[in-house]
Amino acid sequence: MNVLIPISSNGGEPMDNQPINNTDTTKQQAVAANHAFDETVKQFLRDWIEQGTVSGIAGHEAISTATGTFADFVRFVALEEEIETFVEQGALRSFFKHHDDALERLLQQPAIASHLIRPGHDVFFEPDAYEPMLAKFERRIYNLAAHREHLEVPFRYSPTSRQGTHGDSIGWADLPLDHNVREDIGYYFGTRRSDATALGILGRQLHREAQLADQLPVHVVLEGHMDESLRAVKMATEQLQQEGDIRMHCFIIQRRHAHDDRHLGAALLLMNPAVPDQPQRIIFCDTLNPNGQPPWWESFKRKIDAAFPQPEGAMPVSDRLEDGGVNLQRLHDGVPVRHQDIDCAFYTASMARALIQTAIQHPEVILYGPTDAVVSHMTGRMTDYFESANCPKDPAIVREVNIIRRWNTGREALLAIQKQEE
């Protein structure tokens, strides 16, 4: 079943220079908040230097300007200027190099933490590519934290190859005129890909949702790529068989298609432990579903048959494949790179969540309902993207929802780091 979303309600590009509506913050307020944040971080760094952490700079208080000579006064002023230059430039990077828990230490400072962990409606997003207006030291914090394993703040940092000496981002507009770097998805906040941290956060949300299942047990599978997840479902069902479990089980997958395909999909498998090599039903839910057969159809069928091989002459399991996809993504010719829609992580997480909720609230639909009924129940619960079952929201609204989701996913990562330190 295909649920189509029009490209634009007025036939043109809805994103160009349109302010985002899901925020209460004006540009002027954001500028003031960012200035206050930068000053707070700089004072934190001055205090850190005063503690004698940085050799050759700390200890200037030993120079007395009240009783010393004019030469002492000149030395004092020069040292103060040196410190201020260091604070403005390399001090934050030195702080991160000196402390393995630098981000955690910053999040222990209430004035710093409150700014970093502000919700999306307190952020001003620039029109067009919807870049959040970040303070200078805020962006540096995200970029420098990304050098630490598992401390990436999702969507808010630039790759190390796009960072300057002090941790500043080298954006598309900052490149020299003679650059030969190809503009690609990832330069802009609105198109940055989901990293492992972001997918882990979405996965934990799905696991929590599945814990509410009762009548029809629901399991969330987030292992490897899609073919590895299919094999994991088979292994889990074989384990249920060994344990003597005779109930039907529902498995929900959210994974990337393959190692060479960063697109994500969701799938539902209904399994009977008595026959772990024969799924009772398989519904694949993609987000790039055109009219007619989706382009991934034959590829996914091959993955299914490799994971669930059948005896020669028997009907292949892939013959049971059902198309539960919806056409949510805007990824096509004619759309500028900064407007490309690669929000498949949010779409598939929403689809998976809706399938879990359907399995909990209406297990009979998962057990016996036709594909159209499953899709209707699924889309009816995807309230961020659908007005009601099978009635999609305007693409401009959907894009704004995903911009806020990007921000709040980073916020959840910061909250988790902060909580670990309490």
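Which residues does T371 touch, not counting residues up to four places away in sequence? Here is a short tour of this predicted model, starting with that residue.

1. **T371.** The residues that T371 touches are R281, E322, D323 and G324, leaving aside residues up to four places away in sequence. T371 itself lies in helix α12, which covers residues 371-380. Its relative accessibility is 18%, and because the cut-off for buried is under 20%, T371 counts as buried.

2. **The chain as a whole.** The chain has 422 residues, of which 51% count as buried. You will find 13 helices and seven strands in it. Among contacts between residues at least 6 apart in sequence, 69% join residues at least 24 apart. The chain exposes about 19500 Å², and carbon and sulfur atoms supply 50% of that area.

3. **Helix α8 and its length.** Helix α8 runs over residues 226-242 and holds 17 residues. At 1.5 Å a residue it should span 24 Å, and its end C-alpha atoms are 25 Å apart, so the two values agree. After α8 comes G244, whose phi is positive, near 80°.

4. **M351.** Next, please look at helix α10 (residues 344-361), where M351 has its place. With 0% relative accessibility, M351 counts as buried. M351 touches C285, D286, T287, G324, V326, M378 and M382, again not counting residues up to four places away in sequence. G324 is also on the list of residues that T371 touches. In sequence M351 and I252 are 99 residues apart, yet in space their C-alpha atoms are 9.8 Å apart.

5. **The largest pocket.** This pocket has a volume of about 300 Å³. Its lining consists of 17 residues, and those nearest the pocket centre are E131, G171, W172, D174 and Y187. By type, the lining divides into eight nonpolar, four polar and five charged residues.

6. W172 sits in the loop between α6 (136-145) and α7 (196-210). A relative accessible area of 26% makes W172 partly exposed. Leaving out residues up to four places away in sequence, W172 touches H179, V181, R182, E183, Y187 and Y188. Of these, Y187 is also among the residues nearest the pocket centre. W172 and R182 are ten residues apart in sequence, and their C-alpha atoms are 9.4 Å apart in space.

7. **Two residues with positive phi.** Finally, a pair of backbone details to check. D128 lies in the loop between α5 (110-116) and α6, and Y130 is found in the loop between α5 and α6 too. Phi of D128 is near 75°, a positive value in a residue other than glycine. For Y130, phi is positive as well, near 60°, and this residue is not glycine either. D128 is buried, with a relative accessible area of 17%, and Y130 counts as buried at 3% relative accessibility.

Notes: Residues are numbered from 1 along each chain as its sequence is written. This is a predicted model: local features need pLDDT of at least 70, side-chain atom pairs count only at pLDDT 80 or more; totals for chains, interfaces and linings use all residues. Side-chain values use heavy atoms; hydrogens and water are left out. Helices (H or I, at least four residues) and strands (E, at least two) are DSSP runs, numbered from the N terminus. The expected span of a helix is 1.5 Å times one less than its number of residues. On a 1 Å grid over the protein atoms alone, a cavity is a set of points where a 1.4 Å probe fits but cannot get out, and a pocket is an open set with protein on both sides within 12 Å along at least five of seven lines; lining residues have an atom within 4 Å of a point. Grid points are joined across faces, edges and corners, and a volume is the space filled by probe spheres set on the points. Ala, Val, Leu, Ile, Met, Phe, Trp, Tyr, Cys and Pro count as nonpolar, Asp, Glu, Lys and Arg as charged, and the others, Gly among them, as polar. Buried means under 20% relative accessible area, exposed over 50%, partly exposed in between (1.4 Å probe, protein chains only). Contact means heavy atoms within 4.5 Å. Accessible areas come from the Shrake-Rupley method with a 1.4 Å probe; for residues, only the protein chains shown count as cover.
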